[in-house]
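Please view the sequence and the structure first, and then follow the sections below.

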Amino acid sequence: IKAYEQVIAIENIPESLEQTTLYSLAKLQMMQENYKAALSMLNKWFAVVEKPSAEAYILRAQMQFQLEQYGKALPDVKKAIALTKEQGQQPKENWLLLERAVYYQNKDFNSLARCLQDLATLYPKSQYWVQLAAVYSELDKPLKELSTLETAYDKGMLSKEAELVNLAQALLAQEIPYKAASVLSKGMQDELVKPS
């Protein structure tokens, strides 16, 4: 870090050297968990670079998130995801996870639901389906909660007792008792749900 700071202190260094040095300094400061210093260096880098990459926007969003600047992190996450989609690529899973965390911190459950839809579609994992169902419950959308849980169940993604009981309760709430009983019965047969 000290060596890079000495390079930056030199007057009239080539622009490309200044850019790479600032970016490297920002990453080094972040690795040292000096988020304020890292963000300061990265903002200086943004000021001298013409077309920042999606990775640079995500890096800055991560720094802002660590500093609990959630309102500032969100535009950078969105910009990185948009740039990636413009290039015909899908956003990385950890980028969507950062977006999810920002929406959660901001208590923006509608946007959180949309983000979890992206995660469940692009990176189908049980946890995203279960979290999406929980957000629909929070938004008081019981039919969407049920359809999300049923889809996860049909894909074999519900493997914990609490998940299966939640599905059964969602089915009961929509007055579908036979299917609720079937879910619990199969859960007990598979030794996922304890008979009680």
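## Ser159 and the basis of the model

Ser159 counts as partly exposed because its relative accessibility is 45%; on this scale, buried means under 20% relative accessible area, exposed means over 50%, and partly exposed lies in between, with a 1.4 Å probe and protein chains only. The residue belongs to the loop between α9 (142–154) and α10 (161–173). Helices are DSSP runs of H or I with at least four residues, numbered from the N terminus. Between Ser159 and Val193 there are 9.3 Å in space, C-alpha to C-alpha, although the two are 34 residues apart in sequence.

The model is predicted: local features need pLDDT of at least 70, and side-chain atom pairs count only at pLDDT 80 or more, while totals for chains, interfaces and linings use all residues. Residues are numbered from 1 along each chain as its sequence is written, and side-chain values use heavy atoms, with hydrogens and water left out.

## Two loop residues with positive phi

Glu33 lies in the loop between α2 and α3 (35–48). Its phi is near 65°, a positive value in a residue other than glycine. With a relative accessible area of 56%, Glu33 is exposed.

Asp140 is placed in the loop between α8 (126–138) and α9. Asp140 is not a glycine, yet its phi is positive, at about 60°. The relative accessible area of Asp140 is 64%, and therefore the residue is exposed.

Helix α2 spans residues 15–31 and contains Gln29. Is Gln29 buried or exposed? Gln29 counts as buried because its relative accessibility is 7%. The side chains of Gln29 and Asn34 make a polar contact at 2.8 Å; such a contact is a pair of N or O atoms within 3.5 Å, where within protein one must be able to donate a hydrogen and the other to accept it, and residues adjacent in sequence count only if both atoms are side-chain atoms. Leaving out residues up to four places away in sequence, Gln29 touches Ile1, Glu5, Asn34, Ala37 and Ala38, where contact means heavy atoms within 4.5 Å.

Leu17 also belongs to helix α2. It is partly exposed, with a relative accessible area of 37%. Leu17 and Val7 are ten residues apart in sequence, and their C-alpha atoms are 8.7 Å apart in space.

## The nonpolar core

The largest nonpolar core holds 59 residues, of which Leu42, Trp45, Met63, Leu116, Leu119 and Leu167 touch the most other members. A core of this kind is a set of buried Ala, Val, Leu, Ile, Met, Phe, Trp, Tyr and Cys residues joined through side-chain atoms within 4.5 Å. Helix α4 gives this core its largest share, eight residues.

Leu42 is in contact with Tyr23, Ala26, Ala56, Leu59, Arg60 and Met63, when residues up to four places away in sequence are not counted. Leu116 is touched by Gln131, which is also in contact with Arg100, leaving aside neighbours within four places in sequence. Gln131 is found in helix α8 and is partly exposed, with a relative accessible area of 28%.

## The largest pocket and Leu83

Rolling a probe the size of a water molecule over the atoms shows where empty space is left. The largest pocket contains about 220 Å³ of space. Its lining has 15 residues, and those closest to the centre are Pro52, Ser53, Ala54, Leu83 and Gln87. Two elements, α4 (54–66) and α5 (70–86), each give two or more residues to the lining. A pocket is an open set of points on a 1 Å grid over the protein atoms alone, where a 1.4 Å probe fits, with protein on both sides within 12 Å along at least five of seven lines; lining residues have an atom within 4 Å of a point.

Leu83 is located in helix α5. At 17% relative accessibility, Leu83 counts as buried. Apart from residues up to four places away in sequence, Leu83 touches Pro52, Ser53, Ala54 and Tyr57. The C-alpha atoms of Leu83 and Arg60 are separated by 15 Å, and the two residues are 23 apart along the chain.

Methods: Grid points are joined across faces, edges and corners, and a volume is the space filled by probe spheres set on the points.
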